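Work through the exercises below with the coordinates open. Each task is followed by its solution in steps.

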Amino acid sequence: MALLEISKIDVFYGRVQALRAVTLSVDAGEIVALIGSNGAGKTTTLRTISGLMHPTGGKIVFDGRELQQTKAHEIVKTGICQSPEGRRLFPRMTVFDNLMMGTYARKELSGLQDDIANVYELFPRLKERTKQLAGTLSGGEQQMLAIGRALMAHPKLLMLDEPSLGLAPILVETIFRVCTDINAKGMPILLVEQNASKALEIAHRAYVLETGSIVQTGTGKELLSSPDVQRAYLGM
Amino acid sequence: MGTIGEAVRRRRSGLRAGVAGRILDFALIAIIAAFLILLGTKVVAQGGSFFVQILTFAVANGGIYALIALGYTMVYGIIELINFAHGDVFAFGAFLSGSLLPIFGLREGGAFTPVSAVALLAVFALTMLACAFLNISIERIAYRPLRHAPRLAPLITAVGVSFFLEGALFLWKGPSNVHYPNILPNAGFELFGATIGVKDLLVIGISLILMFALGLFVQRSRLGKAMRATAQDRDAALLMGIDIDRTIAATFFIGAILAGAGGTMYGLYYNTSVFDLGFSAGLVAFTAAVFGGIGNIYGAAIGGMVIGMIRTFWDGYFDSAWTDVMIFTILILVLIFRPTGLLGMRVPEK
C-alpha cells in the first residue's frame, strides 16, 4: 500500500468537471511529479488532496486513512502539508512568524529550534531576513519561505505547487536542488510543475495530466524520452 | 480573496501612491490644522480647568468608542464584512447590564462597598459573556451560511440583523430613553481645578486594560495568531491546519466581549440608554474604525480614542447639535483623502 493512494476522483467547480477519474499514488521516499499545461487540473489535484475541495467520487487514502471528505485543517494533522500555488504567505507577518505558523497543526512542539535552524540552513537567505515582513520579500525568497513553512509542519508528505513559477533561472536551480536534498533525507514529495523537464529530471515517477485526466505515467526518465511528452511539454 | 475587496484595495493603494496621494495627505493635514487652531483659540479663551475637565470626559468617551470600534475592525479584518449588528450588540450590553445591576443588589443611592465592587465585576462578566454568545449566534445563523455568497448578501443581512436587534430592544424597554441606575459613587478629586470622578477613572482604566489585553492576545496567543493568519490569507490558514470556522467565531466572540464591556460602561457613565443606541454609537464607532484604517486593531483603538475625543471637544467648545455632522464630515474626509485610514495597510498583499 502506497503512502498516498488516490483512486478515480472526480472534482467539479460548479458544473464544470476539473478532474476525471484521476488515479495516482506516492510511495514512501519518492518524488512524484505531476506535469501538464495550464488548466489541466494540477493545482486542483493538490487542493483536493489538501481538502480545500472535495471530490464527488473516488477515494483518497493517506497512511491508511480515507481523507476525501475530511476538512482541510484536519488533513494537515494527518501529515500532508503543501506549499501552495502563488506561495500564499502571511504578508504582514515576519519570516520567523510565517515559519512558526507552519507548526500550528503540530502536536509535538519539541525541537523547534532545530527545525528553524534546518530551514535556515536550506535557505540561508531567509536567516538574513528573519525579522522582515513576508510581503516585502522577493519572489524567490517568498518561495523559499513557503517551502520552509511547509517543512516546519513536519509533514509525512510534502506537496509543492509550482515552486519554480516566476523565478530567475538560478533560483529555479536552487529550488530543485533543495527538493532533491529534502527527498534524500527521506521526505516524499508530490511536485506539481509547469517546468516539465526540470521536474522529470528529479522525479522518480511522474504523471501527465491533460484536461482533468491522467494520460500518461512512468518513471521520470521514461517520460523525458517519450515522444508525446517531448512534443507537448518539452518543446522538442 | 474576494474580487471586490481586491479591487477596493488596489484602488486604495493606487490613490495612496504618487503625487496625488501626497497632495491628498497635505490637504487632510491642512484641514486638521485649521480645526486645531480654531479649537486652540477656544481653549485659551475658556481657561485651563475647563480644558482638563473636557479632556477627562474626552478620554473616557474615546475609550468606550475604541472598544466598540475594535469589534467592527476585527470582524472586517477577518471576513471583510461590516457587522452592522455590532452596535446593537453594544446596546444590548447596556440594556442587559442595566437590568442585571438590581439583581446583583446594586441600587441607585446605595453605598458602594467592596461587596458592590465584586457584584459589579460579576455584572461586567455576565454582560460580556451574554454579548459574546449573542454575537456568535448571529455569526452562526446569519453570516456563516453566506460565507461563499456574493459580498453584498452578508452585508445586507448584517443590516437586517441590526434592525432585528433594535426591534427586540424596542420591545424589551420601549421607545424612550431608559434610565440606567447610577450606582457608582459620585466622589472624585480635583486636578487643575477640574473634577476627575470615580466614573471617569473606571471607564478610562477598564478600556485601557481591555485594549492592552486584546493587543497581547492577538500578538501572543495561539488563537490570536490564527486570527491574524486567517485575516491575511484564509486558504493559507486552512493549509496550516487552522480551523477557520472556529477562528471566525472566536473573532465575533472577542469583539462582542469588548462591546459588552463598552455597553456596561456607557450605562454606568451616562446613566441612560435607548433602544437605538446601537445605531448612533455604532455609526460613530464604525467611523472610528475607518478613520484608524479598517481591519487594523491598533488603528481602531487610536481611531476610537480620537473620534471620541473630537466628539467631546466639539460638544464642549462648539455646538453639540453639530457634533454628528462633524463626525460624518470626518468620515467623508477620510474616505476622500486617506481611504486606507490612519494606519491602513502599508505592506503589499502579495
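**Exercise 1. Compare the radius of gyration of chain A with the value for a compact globule.**

Solution. The model is predicted.
Step 1: take the length. Chain A has 236 residues, so a compact globule would have a radius of gyration near 18 Å.
Step 2: compare. Chain A has 17 Å, which agrees.
Step 3: The C-alpha trace of chain A spans about 45 × 40 × 35 Å along its principal axes.
Step 4: In chain A, 46% of the 236 residues count as buried. Of its contacts with a separation of 6 or more, 64% come from residues 24 or more positions apart.

**Exercise 2. Do the check on radius of gyration for chain B.**

Solution. 
Step 1: the 350 residues of chain B would give a compact globule a radius of gyration near 20 Å.
Step 2: chain B has 20 Å, so the value agrees.
Step 3: along the principal axes, its C-alpha trace spans about 55 × 50 × 40 Å.
Step 4: 44% of the 350 residues of chain B count as buried. Residues 24 or more positions apart supply 79% of the chain B contacts with a separation of 6 or more.

**Exercise 3. Count the secondary structure of chain A, then trace its open four-stranded sheet.**

Solution. 
Step 1: chain A holds ten helices and ten strands. For chain B, the count is 13 helices and four strands.
Step 2: the open sheet in chain A runs in the order β2-β1-β4-β5, with antiparallel pairing.
Step 3: find the edges. Strands β2 (16-26) and β5 (65-66) of chain A each pair on one side only.
Step 4: look inside the sheet. Five bridges join β1 (residues 4-13) and β4 (residues 57-62) of chain A in the antiparallel sense. I6(A) stands opposite I60(A) in β4(A).

**Exercise 4. Which residues have the most contacts inside the largest nonpolar core?**

Solution. 
Step 1: this core has 166 residues.
Step 2: those with the most contacts inside it are A33(A), L191(A), A69(B), L70(B), M240(B) and A285(B).
Step 3: helix α3 (residues 48-79) of chain B gives the most to the core, with 16 residues.
Step 4: follow one of the residues. Leaving out residues up to four places away in sequence, A285(B) touches Y65(B), I68(B), A69(B), Y72(B), G87(B) and G304(B).

**Exercise 5. Is R22(B) buried or exposed?**

Solution. 
Step 1: R22(B) lies in helix α2 (residues 18-46) of chain B.
Step 2: count neighbours. R22(B) has 11 C-beta neighbours inside 10 Å.
Step 3: apply the cut-off. Exposed means 12 or fewer, so R22(B) counts as exposed.
Step 4: F337(B) is 315 residues from R22(B) along the chain, and their C-alpha atoms are separated by 9.5 Å.

Terms used: Residues are numbered from 1 along each chain as its sequence is written. Chains are lettered from A and ligands numbered from 1 in the order in which they are written. This is a predicted model: local features need pLDDT of at least 70, side-chain atom pairs count only at pLDDT 80 or more; totals for chains, interfaces and linings use all residues. Helices (H or I, at least four residues) and strands (E, at least two) are DSSP runs, numbered from the N terminus. The radius of gyration is taken over C-alpha atoms; the globule rule is 2.2 Å times the number of residues to the power 0.38. A residue is buried if 20 or more other C-beta atoms lie within 10 Å of its own, exposed if 12 or fewer, and partly exposed in between; C-beta atoms are placed from the backbone. Two residues are in contact if their C-beta atoms, placed from the backbone, lie within 7 Å. A nonpolar core is a set of buried Ala, Val, Leu, Ile, Met, Phe, Trp, Tyr and Cys residues joined through C-beta atoms within 7 Å. Two strands pair if DSSP finds at least two bridges between them.
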